[in-house]
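User: I've got a protein model open and I'd like to learn how to read its features. Could you take me through it step by step?

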Amino acid sequence: MSCLRMHKIGFRYLSRSFSSEANLTTVLEQNGVRRITLNNPKKRNALSFAMLQSLQKNIFENIEDINLRCIVLQSQGPVFSSGHDLKELHQSDQKKREEIFQLCSNLMMGLQNIPVPVVAVVNGLAAAAGCQLIASCDITLASTKSHFSTPGASVGLFCSTPGIAISRNIPLKAASYMLLTGNTINANEALQVGLVSKISDEENLESLVENVLQSILLKSRCVLAMGKKFFYEQLNQSLPSAYRHGNEIMIKNLAHREAEEGINAFFSKKPPKWQHE
């Protein structure tokens, strides 16, 4: 992946906030981090068609802006997201159902294709497509009060699409347990099987988030974009192909000015001055 040349401004001083789609989501962009909050707690932050549209707009808007370094997905209320809006699905015709699931699939797949890390922050329940959403993010941080489930079969609607993301994150037996029983797993269990990256108690969750964000912000946007793209591409390659591709990426990365800056800074025992492009 080539590092894109984009208009630069001092990202450390960029701050903007807005709400969208009848306040279904809110956005705060500051110091290189775009925090998107699911803001419909009365509906358990269900991934309705309107919520999915709002998330898609918030996530992918100006995604190539060099000042954007990370995206955080979080929520208001005790439920991160309960998944699809069952009432909406039940009342929709075939065409509308197809639109909803296609939009959802595009959103989930798109999270891996954008050039910046996407961090999910969970402090409650993530169920069905809500669990799919956190599984589709690059990093998931959760409080110990959080829990996760794919209970669709209990209402006669198997969590087929959530299972796609979940089975690509956790071992087969763990995924099968979640999908076939619908039983909830707690944060510790989610950490053990690899559904979440790190956990902390609720009081220290924001400190954990900030530590992770600072670690990301210390890196070159361009290098992380190159690495993230290759990381997901190589998962679908054979081992020899992955190593051939990896060798090419490493050599390309070494020739880039960000690597020269970083290596020189390392030997000089000075912090690197990234260009991010």
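Predicted model: local features only at pLDDT ≥ 70, side-chain atom pairs only at ≥ 80, totals over all residues.

User: Okay, and which residue does glutamate 210 form a salt bridge with?

Analyst: The general idea is that a side-chain nitrogen of Lys or Arg sits within 4 Å of a carboxyl oxygen of Asp or Glu. Here the partner is arginine 35, and the closest N and O atoms are 2.9 Å apart. This pair links distant parts of the chain: arginine 35 belongs to strand E3 (residues 33-38) and glutamate 210 to helix H8 (residues 205-217), 175 residues apart. Arginine 35 has a relative accessible area of 14%, so arginine 35 is buried.

User: Is arginine 221 buried or exposed?

Analyst: Buried, because its relative accessible area is 5%. Glutamate 64 comes out at 34%, so glutamate 64 is partly exposed.

User: How far apart in helix H9 are lysine 229 and glutamate 233?

Analyst: Four residues, which is about one turn of the helix. Their side chains meet in a salt bridge at 2.6 Å, N to O. Lysine 229 is partly exposed, with a relative accessible area of 35%, and glutamate 233 is partly exposed too, at 28%. Salt bridges can also share partners, and here such bridges join Arg35, Glu206 and Glu210 into one network.

User: How many salt bridges does the count come to?

Analyst: Ten, by this rule.

User: Now the inside. Which residues touch the most other members of the largest nonpolar core?

Analyst: Think of a core as a set of buried nonpolar residues joined through their side-chain atoms. The largest one here has 48 residues, and Leu55, Ile59, Ile71, Phe148 and Leu195 touch the most other members. Helix H3 (residues 94-113) gives the largest share of this core, six residues. Take isoleucine 71 as a case: leaving out residues up to four places away in sequence, its contacts include Ile36, Ile59, Val116 and Val119. Another core, of 13 residues, lies apart from the largest one, and among its members are Val72, Val209, Ile216 and Leu217.

User: And the outside? Which residues make the nonpolar surface patch?

Analyst: For a patch, look for nonpolar side chains that sit within 5 Å of each other on residues with over 30% relative accessible area. In this model Leu254, Ile263, Phe266 and Phe267 make a patch of about 490 Å². Helix H11 (residues 257-268) gives the most to the patch, three residues. Leucine 254 is found in helix H10 (residues 239-254). With a relative accessible area of 55%, leucine 254 is exposed.

Terms used:
Residues numbered from 1 in each chain as written. Heavy atoms only, no water. Patch = residues over 30% accessible without salt bridge, like charges linked within 9 Å, V, L, I, M, F, W, Y side chains within 5 Å. Areas by Shrake-Rupley, 256 points an atom, 1.4 Å probe, with all protein chains shown as cover. Helix = DSSP H or I, 4+ residues; strand = E, 2+ residues; numbered from the N terminus. Buried < 20%, exposed > 50% of the residue type's maximum accessible area, 1.4 Å probe, protein only. Core = buried A, V, L, I, M, F, W, Y, C linked by side-chain atoms within 4.5 Å. Contact = heavy atoms within 4.5 Å.
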